[in-house]
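Hi,

Here is the structure I promised to pass on. Have a look at it first, and my notes on what turned up follow below.

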Amino acid sequence: MKTDPIYIFRKTWATYQKVISNNLMFHREILTAVKKLLESRQETLNILDLGCGDATHIGKILSPGQVAEYCGCDLSPYALDVAKNNLEPFGISVNLLCRDMVAVLREAPDNHFDVVYSGYALHHLSTDEKQIFFTECQRTLRENGCVILVDVMLEEEQARNAYLDCYNGAVATQWEALTAHERKQVQEHIRNCDFPETPADMQMLASNAGLTNCQRLEKQTWHEAWCYFA
Ligand SMILES: C[S@@+](CC[C@H](N)C(=O)[O-])C[C@H]1O[C@@H](n2cnc3c(N)ncnc32)[C@H](O)[C@@H]1O
């Protein structure tokens, strides 16, 4: 089904790998900024990774000694299989769940995680679900814990349709590393499944949940990294 948010990840994980290796979604700059933030934490961390995919990125921004507990969830069983291998160097028992991220978050224990991380997955949720995301994050975070969010966001004042036209225009003209067929698949996925918010609206949803202290870590076109603290 083409409106299934993980259709493209189930069928064409290789396309996403091409996107990453050609830095088309600015993973390099974004993850450098997130790594810098995480390096400032001295304690070992309990991490919840929502929409973890194959965990390649979280695996690169954390060092093995930094993680006490890792729980990742994704709807793609294929990605989770790969994640298991990518997380092996951490030498800790990891909990990988093939489930919806909101359901996992709702069942997360109170006051337990130091970091709730989500990379390029939250924009698949509705605004109401994003509110639930922040509310449940606040509940499951320990004191000094934070949400780290990497995602596509609208420019301030930009409507979704304008974003879709601009982003898909960039895919058409700048994503030359993909074949024409792959570009078409990506554009269709974006049109059907991307529901990004503006940074100010995300800040408001976080603030409604009590996460009032936030900071932009990086921005590259529509690709942003933010952290939200209580
Ligand atoms: C663009 S990939 C990002 C993967 C990884 N976080 C990264 O940064 O490379 C988005 C991932 O979110 C997953 N996803 C989308 N909606 C989801 C949901 N409701 N619950 C769990 N995972 C979801 C997809 O299966 C896919 O693996």
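This is a predicted model: local features need pLDDT of at least 70, side-chain atom pairs count only at pLDDT 80 or more; totals for chains, interfaces and linings use all residues.

Asparagine 111 sits in the loop between H6 and E4, and its phi is near 50°, a positive value in a residue other than glycine.

Asparagine 23 is another one to look at, with a positive phi near 55°. You will find asparagine 23 in the loop between helix H2 (13–21) and helix H3 (27–39). Asparagine 23 counts as partly exposed, since it has 13 C-beta neighbours inside 10 Å.

Now the overall picture. The protein has ten helices and seven strands. Its radius of gyration is 17 Å, close to the 17 Å that the globule rule gives for 230 residues, so the protein is as compact as a globular protein of that length. Along the principal axes, the C-alpha atoms fill a box of roughly 45 × 40 × 30 Å. Of the 230 residues, 35% are buried. If you take the contacts between residues at least 6 apart in sequence, 70% of them join residues at least 24 apart.

On to the strands. E1 (residues 45–50) runs parallel to E2 (residues 67–73), and six bridges join them. In that pairing, leucine 45 stands opposite valine 67 of E2. Between E1 and E2 the chain passes through helix H4 (residues 56–61), in a β-α-β crossover that is right-handed. E2 is also parallel to E3 (residues 94–97), with four bridges joining the two, and here cysteine 71 stands opposite asparagine 95 in E3.

Glycine 119 has valine 150 in E5 as its bridge partner. To get from E4 to E5, the chain crosses through helix H7 (residues 127–140), and this β-α-β crossover is right-handed. How much of E4 is covered? Seven of its seven residues are buried.

In H5 (residues 77–86), the buried residues include Ala79, Ala83 and Asn86. These cover an arc of only 60° around the axis, which puts them on the same side of H5. Pro77, Asp81 and Asn85 are exposed on the other side of H5.

For H7, the length works out: its 14 residues should span 20 Å at 1.5 Å a residue, and its end C-alpha atoms are 20 Å apart, which agrees. Which residues of H7 are buried? They are Lys130, Phe133, Phe134 and Cys137. Their arc around the axis is only 90°, which puts them on the same side of H7. As for what they pack against, the partners are helix H6 (101–107), E4, E5 and helix H10 (199–208).

Finally, a pair of individual residues. Phenylalanine 229 belongs to strand E7 (residues 223–229). Phenylalanine 229 is partly exposed, with 14 other C-beta atoms within 10 Å. Leaving aside residues up to four places away in sequence, phenylalanine 229 touches Cys146, Leu211 and Asn213. For leucine 211, which is 18 residues away along the chain, the C-alpha separation from phenylalanine 229 is 5.1 Å.

Alanine 180, in helix H9 (residues 180–193), has 8 C-beta neighbours inside 10 Å and therefore counts as exposed. From C-alpha to C-alpha, alanine 180 and glutamate 107 are 42 Å apart in space, and 73 residues apart in sequence.

Cheers

Key:
Residues are numbered from 1 along each chain as its sequence is written. A residue is buried if 20 or more other C-beta atoms lie within 10 Å of its own, exposed if 12 or fewer, and partly exposed in between; C-beta atoms are placed from the backbone. The arc is that of the directions from the helix axis to the C-beta atoms. Two strands pair if DSSP finds at least two bridges between them. A crossover is right-handed if, with the strands pointing away from the viewer, the path from the first strand over the helix to the second runs clockwise. The radius of gyration is taken over C-alpha atoms; the globule rule is 2.2 Å times the number of residues to the power 0.38. Two residues are in contact if their C-beta atoms, placed from the backbone, lie within 7 Å. The expected span of a helix is 1.5 Å times one less than its number of residues.
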